[in-house]
Amino acid sequence: MTRHGITISARCVRQTERVRLVTIDDVEEAAARVRAFIVRTPLLRAAWAGDDDRPLWIKPESLQAIGAFKVRGAFNAIGRLDESVRTRGVVAYSSGNHAQAVAHAAAVFGIPAHIVMPRETPEVKVAATRGHGAEVVLCDAGQRERVAAEVVEETGGVLIPPFDHPDVIAGQGTIGLEIAEDLPTVENVLVPVSGGGLASGIGTAIRALCPDARVIGVEPELASDTAQGLRVGHRVDWSIEDRNRTIADGLRSQPSELTFAHLQAVLDGVVTVTENEIRAAVRELAIRAHLVSEPSGAVAFAAYRQGSTPVGRTVMVLSGGNIDPALLQEILA
């Protein structure tokens, strides 16, 4: 099977049959559910990028109330819970942006939230999560899921995972819905990839509404397990120590069976970027686009600047702007 000149093995396609994939109907239902709670971010034409063969638009999810796209999935997942269940509260585990998103959504719904975060999470994200009224539980690297399960047992709350849930994927897919509505002639969509919920949702929407467009994932070279997994046709495991080497702290997770099946179905390929390219992208977005981006949010622009992505009208998703001020100062200097 070939899509846009990229061969996809029959094995990869068959693996998607193990799980139910999110549909465009799910994404459209999510859009109606979260509309009152999110910012419908604009597409910003980046004329300064200066590439006539690849005109660029930026989708700045950093403009969301919590500074990142994760608020879409959080509101959709929590909003779908029966009220009798929702009142028990919610539990989440995250390196930062999903934590803030769940804490924010829980505050809006007036329910308790317990958030498990790794100790190495930037303090700006921990403080922001607490600022939404959530109780933060810090844990050692690689222990988030185990500790979150313990908190669920202790509190009776409902677990809202960062990406491994169809309601979360559908919520993130509303970004793709907006891209298709605002630029129906889009030819390339560049999306950061980590756990895969964002790319799964956006890819689902773009594949349905703009079937001729290419959806390209972007990963740091130091956490490129998805790129390797798609090459060999199955998920691969990288140690947390290896993934923690990248400055892009929001891209250190690995896809689940559910998200990997989506990525196999909707991605046309994955581009990897270096740490220096990520830093340069953060700097240029701040100086030229006047947009603050965390390293994870800038990888799509790093891929664009790398020049390895196809020609054509291109949208890059700037997934978040929650960068530690000291790190931003260092990068700009």
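How are α11 and α13 oriented to each other? In this predicted model, the axes of helix α11 (residues 225-232) and helix α13 (residues 257-266) cross at roughly 65 degrees. Angles of 65 to 115 degrees count as roughly perpendicular. The two helices, α11 and α13, are therefore roughly perpendicular to each other. Their axes come within 11 Å. The crossing of α11 past α13 is right-handed.

The contact between these helices involves residues from both sides. From α11 come Thr-226, Gly-229 and Leu-230. They meet Phe-260, Leu-263 and Gln-264 of α13. By class, three residues of this contact are nonpolar and three are polar. No charged residue takes part.

Charged side chains pair elsewhere in the model. The count comes to 14 salt bridges. One of them joins the side chains of Arg-40 and Glu-181, with an N to O distance of 2.6 Å. This pair links distant parts of the chain, 141 residues apart. Arg-40 sits in the loop between α2 (24-34) and β3 (44-45). Glu-181 belongs to helix α9 (residues 174-182). Arg-40 has a relative accessible area of 42%, so this residue is classed as partly exposed.

A salt bridge also forms between Glu-187 and Arg-313, whose closest N and O atoms are 3.5 Å apart. Glu-187 lies in the loop between α9 and β9 (188-192). Arg-313 lies in the loop between α15 (295-306) and β12 (314-318). The pair therefore ties together parts that are 126 residues apart in sequence. Both partners have intermediate accessibility, as buried means under 20% and exposed over 50%. Glu-187 is partly exposed at 28% relative accessible area. Arg-313 is partly exposed at 31%.

Two helices are linked by the salt bridge of Arg-279 with Glu-330. Here the closest N and O atoms are 2.9 Å apart. Arg-279 is in helix α14 (residues 275-288), and Glu-330 is in helix α16 (residues 325-332). The two residues are 51 residues apart, in distant parts of the chain. Arg-279 is partly exposed, with a relative accessible area of 25%. Glu-330 is also partly exposed, at 46%.

Some salt bridges share partners. Such bridges join Lys-59, Glu-61, Arg-72 and Glu-178 into one network.

Terms used
Residues are numbered from 1 along each chain as its sequence is written. This is a predicted model: local features need pLDDT of at least 70, side-chain atom pairs count only at pLDDT 80 or more; totals for chains, interfaces and linings use all residues. Side-chain values use heavy atoms; hydrogens and water are left out. A salt bridge is a side-chain nitrogen of Lys or Arg within 4 Å of a carboxyl oxygen of Asp or Glu. Helices (H or I, at least four residues) and strands (E, at least two) are DSSP runs, numbered from the N terminus. Buried means under 20% relative accessible area, exposed over 50%, partly exposed in between (1.4 Å probe, protein chains only). Axes are lines fitted to C-alpha atoms, for helices over the stretch in contact, and angles run from 0 to 180 degrees between N-to-C directions. Angles under 35 degrees count as roughly parallel, over 145 as roughly antiparallel, 65 to 115 as roughly perpendicular and the rest as oblique. A crossing is left-handed if the near helix is turned anticlockwise from the far one by less than a right angle, and right-handed if clockwise. Contact means heavy atoms within 4.5 Å. Ala, Val, Leu, Ile, Met, Phe, Trp, Tyr, Cys and Pro count as nonpolar, Asp, Glu, Lys and Arg as charged, and the others, Gly among them, as polar.
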